[in-house]
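Colleague: I have just loaded this one and would like to go through it with you. Could we start with the terms and then work through the parts?

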Amino acid sequence: MTSVAHAKPAGGAHDAHHAPMSFWRKYIFSTDHKIIGIQFLFVSLFFLLVGGLLAMQIRWQLGFPGKPLPGGGILPESMVSGGVILPEYYIQLVTMHGTFMVFFAIMPLLVGVYANFLIPLKLGGHDMAFPRINMWSFWLALVAGLIMLSGFFMPDGAPRAGWTMYAPLSARPDLSGATISQKLWSISIVVLGLSSVMGSVNYITTVINHRAPGMTWFRMPLSVWALFITAILAVLALPVLQGAAIMLLFDQTIGTHFFDPGAGGQPLLWQHLFWFFGHPEVYILILPAMGMVSDIIANGSRKPIFGYHSMVFAIIGIAFLGWIVWGHHMFMSGMNPTLGSTFMVSTLLIAVPSAIKVFNWLGTMWRGNLRFHVPMLNAIGFVSMFTIGGLSGIFMAATPVDIPLHDTQFIVAHLHYVLFGGSLFALFAAIPYWYPKMFGRMMHEGIGKVHFWLTFVFYNMTFFPMHIIGMGGQMRRIYDPTIYDFLKPQQPLNEFISYSAFALFAVQFLFAFNFLWSLKFGKKASQNPWEDNGLEWSLPNPAPHGNWAPKTPNVYRGPYEFSAPEAGDKDYLPQYTKLPTDRDPVPAPLPATH
Amino acid sequence: MTTPAQPTTTHVRPNYMLIWLYLFVMTIAEVLLAFELPVSRNLKLILLLILAIWKALLVALFFMHLKFERWRLRLIFIVPLPLAAILVTAVIMEKVF
Amino acid sequence: MTHATQALDQMRPPHPAEPGSGVYSNKLGMWVFLASDVMFFTALIGSYIVLRFGMSSSWAQPAAVLNVPLTGLNTFLLICSSVAMVKAYAAIADGKKYFLRQVPGKTLQDGGLKFWLLITIICGAGFVGVQVFEYIKLVGHGFTPAGYREGSLLAEHALADPVKYGAGVAGMYGSAFFTMTGFHGFHVTCGVISMLYLYFTKVLPEKYSPQDYRGIEVIGLYWHFVDLVWIILFTIVYLI
């Protein structure tokens, strides 16, 4: 693996300020935000693979119910009987696919990787505000992931109450059948929450206090704005989930009755607590993607982002409104109808800032000098897929429409359009984009383009028909749709979706191959291969330990000065380039240490 | 370590022992109120909550120095409070229903 | 110093950055963490409020089950520890790194950082001790997280007077009580351990100075927060 710590920085003294570190301190127990970001990247991609493998088994069962799973022989008899997936195992698959994808793949990929990697680089800092806490944040996340994974190897199998772990099913091992693994779920979530909160404290403090001279709030790139607002959401939402998970753990272990209706507990309390966390969580899963896509689209269009200020306020608006819409996950729970109406209104409102962002991306691309490099292709894919996902969200925001659609495949289609079509496409854009900064080489452009187009086609073939079968009444999380006569006519669509899903999964090996192969054999990257304006491109590739240390860059302008007349014959003008007409920013005095 | 350039907002240091006395007296008042005084249940509830919030404010403003910090810092502590209120209110509305 | 702290000091921007919050990063970070802790306690205390509010008529009277006077005393102990903490903070701000010093012309000795922080730790540890004692007593009487234990003293009382002892929903009371106060106690314990660590590694070797006492201020913020949460908890759980 290409080392990140050896390259000498562009000018002046480098890492002569400390003795050479051992392999363990440099790569394993590193406090360097870039290494930690890369550690998150490898671990999260692993969990993405785990989630994908679980999804393949789900699609097998839904597409071909009752047929033996190819390779199912390696699984124990408690999971597959004669090669056929058992219902008890199917519900574990569905639960753990959601859990791994949300908590251990997408969230760490967007936040753990890119908040860590980008924030100091894009703001001119040398590292995060609290490097050691950063290191702990990674290791806690890894431990949480391993605890969660161990659930599959427990005697009773993995948790199976859905990724949303509704009580009382999740609180009663005698009802769900999952004993130890359910408790491990709670412990894993508490540990992950700790990791998230520690990370978010770091991101927030770094963005507020560690910006280079000249990097005012409204000169920050949108990726940093989005990551900052996401960190605020995380720091306030995760603790609520931790509290709920602890209450669930206590219900299972020390005999409390929080969610047990027989003893006076309230099952709906779980739902409220979970979704009060859960809705800000989904904005945590999309906002960083939106931010990074904004940077990439501006770059690919060679134009400033259209409506930079409104983009910032839209991010803030989405985050703000995101706190008061959680009930739209509970329209069918039997909750107070007045509450239901309130949530309907707030949910419809939240479409507005999201739409502003979509129009601004289109406005950025309009009449731009478009460069269809791989990140740009994936970013445009993000915009279109996210729009579809957002539109289906509007359907469900209206409570009467949600009544037949709730807990059907329509919801599954919606969430996959925003999480895969949205967040994952944004990651397919961001990973190649900042790959040179991480590893000093470029990912292969040709493979990247083939991967994009095949993914885009198979993705839509997989998830668009889910809208249709959802409206046709196929429920979520059911083992065998064909037991219902009214669903039998839709079964060919289920098969079609499954075939498309298998193809989609297979295509991802192109990405994996590209990623791994390019580590050693990718084209060596020039300093600013995308001709971008961000501060990070003033450093060599890969970025050295300490970034600009002991110096700090000066910032002279905003992040989207593409096609600016002052730039002369170049169509970009980096934030760090000093023109003859620029004055050096005046540094602020350090805050007092008391 | 970094050399500080200027101290934080200069102000008169509060009399911490006096604040301690206030807190002591209010705690006694709360316990007495909970037990002895023959007031209606709702009034008791409101008074107890007021006393508790007042004590909490004393600790936050004086011990935690918030009275003398700039607004940006106060905002960090203030922001979770409406969120907490929203969650509790919504779930109470649920239970009432 | 460890390698990490060495690198940390040298990695701080030599040129000051944008003004930002105007307070040093450790303090800003602690305030952000405290905001997250507010949300954590919201989940727990909010659940208690919601559960109790929904069945206020059948809920037990706290005084019947819990030892309110003892806990009132314990509350006072925690408040004392909070005052001692802020006195410690004021002491180091004035440069008083010592333990006790005779002030000329006065009979009372003047306490420095070492004195006041020790008082804080003792009072904090005392609070935890009394809480543990209370827990043992409560479980002995039959009050457990699952409700009144069969055959215990409280269970008998509940049979005799179900209204006063909230017999039907004792399980809820037990659940909420032990979870909330337990996690608060956990926070206090973490605070005491952190202060002990700082006491031996930084305070006794006199590493803090009036120019830099960030660690004291930051741990002080955490400690006052824990006190603040208890003030709310005590009222809501023991008095109302």
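Modeller: A helix here is a DSSP run of H or I with at least four residues, a strand is a run of E with at least two, and the numbering of both starts at the N terminus. Please also keep in mind that this is a predicted model.

Colleague: What is L236(A) in contact with, leaving aside neighbours within four places in sequence?

Modeller: With that exclusion, L236(A) has contacts to P80(B) and L83(B) in chain B, and to A35(C), S36(C) and M39(C) in chain C. Within its own chain, the C-alpha atom of L236(A) lies 8.5 Å from that of F277(A), a residue 41 positions away along the chain.

Colleague: OK, then the A and C contact: how many residues does it take from chain A and from chain C?

Modeller: Chain A puts 55 residues into that contact and chain C puts in 51. On the side of chain A, the elements that give two or more residues are α4 (131–150), α6 (180–209), α7 and α8 (267–301), and α7(A) gives the most, with ten residues.

Colleague: And how do the residues on the side of chain A that touches chain C divide by class, nonpolar, polar and charged?

Modeller: There are 30 nonpolar, 21 polar and four charged residues on that side of chain A.

Colleague: Let me step back to chain A as a whole. How many helices and strands are there in chain A?

Modeller: Chain A has 15 helices and two strands. Its radius of gyration is 24 Å, close to the 25 Å from the globule rule for 594 residues, so chain A is as compact as a globular protein of that length. The C-alpha trace of chain A spans about 75 × 50 × 50 Å along its principal axes, and 59% of its 594 residues count as buried. If you take the contacts in chain A between residues at least 6 apart in sequence, 82% of them join residues at least 24 apart.

Colleague: Into which domains is chain A divided?

Modeller: Domain 1 of chain A covers 31–265 and domain 2 covers 288–522, with 19 Å between their centres taken over C-alpha atoms. In the contact of these two domains, 35 residues of domain 1 meet 34 residues of domain 2. The domain 1 side has two or more residues from each of α2 (33–63), α3 (87–123) and α7 (222–253) of chain A, and by class that side holds 26 nonpolar, seven polar and two charged residues.

Colleague: Since α2(A) came up, at what angle do the axes of α2(A) and α4(A) cross?

Modeller: The crossing angle is roughly 10 degrees, and the two axes come within 10 Å. Angles under 35 degrees count as roughly parallel, and α2(A) and α4(A) are therefore roughly parallel to each other. Among the residues that meet there are I36(A), F40(A) and F47(A) from α2(A), with M135(A), F138(A) and L142(A) from α4(A); the whole contact of this pair has eight nonpolar, four polar and no charged residues.

Colleague: And chain B, how many helices and strands does that come to?

Modeller: Chain B comes to four helices and zero strands, and 25% of its 97 residues count as buried. The assignment for chain B gives domain 1 (15–64) and domain 2 (70–97), whose C-alpha centres lie 22 Å apart.

Notes: Residues numbered from 1 in each chain as written. Chains lettered and ligands numbered in written order. Predicted model: local features only at pLDDT ≥ 70, side-chain atom pairs only at ≥ 80, totals over all residues. Domains from an automatic or database assignment. Contact = placed C-beta atoms within 7 Å. Nonpolar A, V, L, I, M, F, W, Y, C, P; charged D, E, K, R; others polar. Rg over C-alpha atoms; globule rule 2.2 N^0.38 Å. Buried ≥ 20, exposed ≤ 12 C-beta atoms within 10 Å, placed from the backbone. Axes fitted to C-alpha atoms, helices over the stretch in contact; angles between N-to-C directions. Parallel < 35°, antiparallel > 145°, perpendicular 65-115°, else oblique.
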